[in-house]
Amino acid sequence: MTFSAFQVTKTDDGFDRAIVDREVSDLPEGDVLIDVQFSSLNFKDGLSATGNPGVTRNFPHTPGIDAAGIVTESTDSAIPTGTEVVVIGFDLGMNTSGGFGQKVRVPSGWVVPRPEGLTLHESMILGTAGFTAAECIDKLETQGMTTASGPVLVTGATGGVGSVAVKVLSHLGYEVAAVTGKPDKHEFLTSLGANEILSREEMMEGGKRPLLADRWGGVVDTVGGEMLFNAVKSLRYGCSLAACGLVGGADIPATVFPFLLRHVNILGIDSVELPLAEKTRIWNRLAGEWKIDLSDLEEVLSLESLSGAIDRILVGQMVGRGVLHHN
Ligand SMILES: NC(=O)c1ccc[n+]([C@@H]2O[C@H](COP(=O)([O-])OP(=O)(O)OC[C@H]3O[C@@H](n4cnc5c(N)ncnc54)[C@H](OP(=O)(O)O)[C@@H]3O)[C@@H](O)[C@H]2O)c1
């Protein structure tokens, strides 16, 4: 049985991309074979498609860290044939053939039944990025963030994680400040619920000072680097920053002053190895009390348009969420 897939191949000059026919028999071992209906594009897929060894070591490879579809073969009675399922993270799309193919085979321990309240399509408009935005907000609230804490800052706001974070925070009644490098997308961010918009340059001001004016009741940071620590320096007393990304850099220029003088926290966020029970809990929030209208976040992608979108996400030019429709 063959299926269509986006495939990345290592060549003498770099990495080539093509749409190919693949054999189901070539998929890795696993309990569950899934007919993938939707996948989505995440920053990490861009790294995989360009041969980043921290993400993917074995080529040829089909990226796609997200997949939503219908189980067509199963050796696990808890997830029978016909179940609609969502898979994000674990090794999917890294060194396991991913959602940019029309079929994936995975261990049942990676699989979440489609949360009631979300369609398969909606689950992939959210995808890993939207899930991670929710994970950040969930952890900030666990640390005490409420709508009374102060405005919440979201960096990389027009991107996948950022745009969902802005919209969910606004839905929950938070005042939201959004940082963007795209001057032509201010209206888009306002329509998602941002109350204030800051440029990246504004976020870099005061970089040498140990503390900045205390403004934020919480921060969802997708950027890392200097922007992350400038946001830490602007947290209100006792508040927290959820660190999930590194598009602006992996190194943080830090001092201990904000921790000693303002009692603030940096919270680590990982969506990949988060235990399945926790993944299910976050998905249920996104399908329930945190459910937002997702229609204005989607850019529809096909196997043919995927390569161009990968080039855009690598330079920070995607807006919202790129969703791959397989059929
Ligand atoms: N920890 C986890 O489990 C987890 C899960 C998902 C994603 N992530 C990470 O989160 C980050 C964002 O992922 P994503 O899918 O949202 O990517 P994305 O859609 O490409 O969004 C990133 C956004 O960051 C901004 N940006 C890009 N380059 C920048 C730079 N050099 N300096 C400052 N801002 C920049 C851009 O927004 P503006 O133009 O609006 O500024 C861009 O749209 C990535 O590093 C990704 O690996 C981590």
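**Notebook: ligand shell, domains and a helix crossing**

I sorted the shell around the ligand by class and got 13 nonpolar, 15 polar and four charged residues. The model I am reading is predicted.

Next I looked up which residues come nearest to the ligand. Of the 32 residues around the ligand, these are Gly156, Gly159, Thr180, Gly245 and Gly316. I then checked the helices: α1 (43-49), α2 and α3 (160-171) each give the shell at least two residues.

I took the bounds from the domain assignment, which has domain 1 as 2-114 + 295-325 and domain 2 as 127-268. Each of the two domains supplies at least three residues to the shell around the ligand. I noted 29 Å between the C-alpha centres of domain 1 and domain 2. For the contact between them, I found 14 residues of domain 1 against 15 residues of domain 2. On the domain 1 side, the residues touching domain 2 are six nonpolar, five polar and three charged.

Last entry: helix α2 (residues 120-142) and helix α8 (residues 276-287). I found that their axes come within 10 Å and cross at roughly 95 degrees. Angles of 65 to 115 degrees count as roughly perpendicular, so α2 is roughly perpendicular to α8. From α2, I listed Leu126, Gly130, Phe131, Ala134, Glu135 and Asp138 as making the contact. From α8, I listed Ile282, Arg285 and Leu286. By class, I count five nonpolar, one polar and three charged residues in this contact of α2 with α8.

Methods
Residues numbered from 1 in each chain as written. Predicted model: local features only at pLDDT ≥ 70, side-chain atom pairs only at ≥ 80, totals over all residues. Axes fitted to C-alpha atoms, helices over the stretch in contact; angles between N-to-C directions. Helix = DSSP H or I, 4+ residues; strand = E, 2+ residues; numbered from the N terminus. Parallel < 35°, antiparallel > 145°, perpendicular 65-115°, else oblique. Contact = placed C-beta atoms within 7 Å. Nonpolar A, V, L, I, M, F, W, Y, C, P; charged D, E, K, R; others polar. Domains from an automatic or database assignment. Near = placed C-beta within 6 Å.
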